[in-house]
Each structure stands twice: as structure tokens, then as C-alpha cells.
Amino acid sequence: MLVGHYDWIWPLCEIIHFMGLILLVGTVGLIDLRVLGIAGQLPLVFLYRLVPWAIFGFILCLLTGLVFILGDPFKTPMDTLTKLTFQIKMLFVTLGLINALIFEYYSDFRQLSQVEGFNDEAPKKIKIIAGTSLFVWLSVVYLGRMLPYGDSFYFIFYW
Amino acid sequence: MEVLNFLESTAVATWVRESLSLWAFPTMIALHAIGMAVLVGLNVAICLLLLSSKPRAPMDSVQTFFRFIWLALAVNVVSGTLLLMANASELLVLPIFYIKILFVILSVIVLLKLQRGVATEVNYADADLSQKRLRILSVMCLATWMIALVAGRLTAYPMLLFGH
């Protein structure tokens, strides 16, 4: 594959993967913190403008992530897909996406807080969604960085 | 070189590098990645917000987010120092590593100016000038972080840059 022939493709994809995660975690994190009550004077309607950047960041990570799975010159795609750390990471990515969809479509909070001047102090269940989002996406970063170290991340419970 | 070897031989550096505990090298590097995501991520999001703020957002309230940015910076200075000590003789001979550190420092300087700018924005008589200044700082911040990020990742690929 191309990745094996040009030794700069892998690091380039890593750099783009990092930029994607920065866009995703940064913009989503800012909205989550605001929903949790940080910078309460800042209307959420301004922060929603950042959502396309989060989606763009996610797409960057998805595309470069596919390169890592399909194009690794030292591993077959099955090697990666059968790795426990990778599977748990994907589980967390899925949780993050479902959580974001719940915030977007299944709670009327997002629609209500689109209106400027709306008192957008979030109810408790929306704060739970925001807290979950923060935890899930930071866990995805953690699990992703642990991928090169095998399936031993759960040793964290042993000290 | 002797200084670098000394740094690597200290107990804490040896532990980070050689301990099989997941709390050593993997946790340091994971903390460094999480810290980066929070530090650069929130910073980039605030810059994008400042660059897209029409109609104007009440930006002075953004400064509350900075405490998370500084906390993440502290996490990365500590984890980064430990990672550096563990591999001093490999990292401190790489020009690209110094480029990374230079641009991290530049980013933090711009970030400080940005925080100051956001905090005092409401006091400016000339709102347009203040907005323009914040936008310029935002673009600078995005650029310096991007260079720091690229340089940081390339420290793992010295062969790619120097060919041997």
C-alpha cells in the first residue's frame, strides 16, 4: 500500500488525526463546560456555531483512522480490529456519538437554547449528557494513546 | 551529553522509562495527550469563536474557560518534563524538539495576550479595534499551536527529517 511506500504518509496522518481530535474535543468540550455552568453569562447560541468544526474534526479522525487500520505496513486490519483496547475505544466513540445525538435531537434543550435571550441554565439531565460527553471523549483520547502499548491498559486498576 | 545522561539516570527518569507499570511511560504519554487535547482544544475553540463572532458574543465571559487551559498546561509541563528526563539523550539532540518547545512557548505568550485581551475587551472605547486585535491574536494562536503540534509529532520520526 501507499503508506508503506512513502514513509511520510503515516506521520502526516497522525498529525491530521491529532488536529481532528483537537477540533472535536476542544469545541465539544467548550460546549459541555458551558452546559455544566462554566461561563454562564455566555449564551449557548454563540457556542453552537462551533458544532460544524466538531463534525469536521470527527471526519478527519475517521478518515485518518481508516488509514491506520487499512494501511499499517506491519499489521493486518484484523490485528487492529481484534485488539481489546481498540474495541473499547470504538465502543466509547459510539457512546460519544449516541450521546451527541441525544443532545441534538432527543432533548428540546438544544432547540430552546438556539433562541437568543433564552435562559439557558441547563436542567440536570442535560448536565448529565454534557458530563458524559466530556468523560467519553477524553477516554477516547486516552484509549487511543494506549493503543501502541498492547492490551494492558486495564492494569491501571492494579497500580 | 553528560548532563543528558545524568538526567536519564535519575531515579524518576529511570522509573518512567523502564518500569513495566502502566503508571510509568504509558500513563505519562496518555496524560500528555489528554492535556494537549484540553489545552490546545479549548484554545483553538476559543480562537474559532473569536473569529466567527458576528453578531458579537459577550467575550469577557470566555475567560472562565482559561482556568481549564492553564490546568492542562500544568499537566503537560509536568508530564512533558518527566518524559523528557526519561529520554533526554534522544530528544535534546533533535533540532525539531527545540522548534516544538519554542513554538509551545510562543503559543503560551500569545495565549496570555489573548486572555488579557478578552478580559479587557469590554473596557475598550473602540470596539472594532479591540475585535480586530483579538482576531489577529486568534490567528497567531492557531498558527503557533499548529507548528508546535507538527514539530511535536515529528520528534517521533527523526529519521524522516534527517534521513539516517
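## Ground rules

Since this is a predicted model, local features need pLDDT of at least 70 and side-chain atom pairs count only at pLDDT 80 or more, while totals for chains, interfaces and linings use all residues. Residues are numbered from 1 along each chain as its sequence is written, chains are lettered from A and ligands numbered from 1 in the order in which they are written, and side-chain values use heavy atoms, with hydrogens and water left out.

## The two chains

Chain A has eight helices and zero strands, and the elements read α-α-α-α-α-α-α-α from the N terminus. Helices here are DSSP runs of H or I with at least four residues, strands are runs of E with at least two, and both are numbered from the N terminus. Of the 159 residues in chain A, 47% are buried; that label means under 20% relative accessible area, with exposed being over 50% and partly exposed in between (1.4 Å probe, protein chains only). Take the contacts in chain A (heavy atoms within 4.5 Å) between residues at least 6 apart in sequence: 73% of them join residues at least 24 apart.

Chain B also comes out with eight helices and zero strands. Its elements run α-α-α-α-α-α-α-α from the N terminus. Chain B has 164 residues, and 48% of them count as buried. For contacts in chain B with a separation of 6 or more, residues 24 or more positions apart account for 77%.

## Where A meets B

The contact draws 39 residues from chain A and 40 residues from chain B. Putting the chains together buries about 3600 Å², with carbon and sulfur atoms giving 83% of that. Buried area is the accessible area (1.4 Å probe) that the two parts lose on being put together, summed over both.

On the polar side, the rule finds three residue pairs in polar contact across the interface, both partners at pLDDT 80 or more. A polar contact is a pair of N or O atoms within 3.5 Å; within protein, one must be able to donate a hydrogen and the other to accept it, and residues adjacent in sequence count only if both atoms are side-chain atoms. In chain A, helix 2 (9-35), helix 3 (44-47) and helix 8 (124-146) each supply at least two residues of the side that touches chain B. Helix 2 of chain A gives the largest share, 16 residues. That side of chain A splits into 29 nonpolar, five polar and five charged residues. For this tally, Ala, Val, Leu, Ile, Met, Phe, Trp, Tyr, Cys and Pro count as nonpolar, Asp, Glu, Lys and Arg as charged, and the others, Gly among them, as polar.

## Nonpolar cores

The largest nonpolar core has 70 residues, and L30(A), V35(A), V62(B) and F65(B) have the most contacts inside it. Such a core is a set of buried Ala, Val, Leu, Ile, Met, Phe, Trp, Tyr and Cys residues joined through side-chain atoms within 4.5 Å. Helix 3 (residues 25-51) of chain B gives the most to this core, at 15 residues. There is also a second, separate core of ten residues, including I15(A), L92(B), L94(B) and F97(B).

What does F65(B) touch, leaving out residues up to four places away in sequence? The list is L30(A), L33(A), R34(A), I38(A), A39(A), L42(A), L42(B) and I46(B). R34(A) sits in helix 2 of chain A and counts as buried because its relative accessibility is 2%. A polar atom of the R34(A) side chain lies 3.3 Å from the backbone oxygen of G40(A).

## Salt bridges

Side chains of opposite charge can pair when their charged atoms come close. A search of the whole structure finds three salt bridges over all chains, each defined as a side-chain nitrogen of Lys or Arg within 4 Å of a carboxyl oxygen of Asp or Glu. R153(B) lies in helix 7 (residues 127-154) of chain B and E14(A) in helix 2 of chain A, so this pair joins two chains. Their closest N and O atoms are 2.4 Å apart, and R153(B) and E14(A) are both buried. The count between chain A and chain B is one salt bridge.

K75(A) pairs with D72(A) at 3.9 Å, N to O. K75(A) is partly exposed at 38% relative accessible area, whereas D72(A) is buried at 13%. E121(A) and K127(A) meet at 3.1 Å, N to O; E121(A) is exposed at 53%, and K127(A) is partly exposed at 25%.
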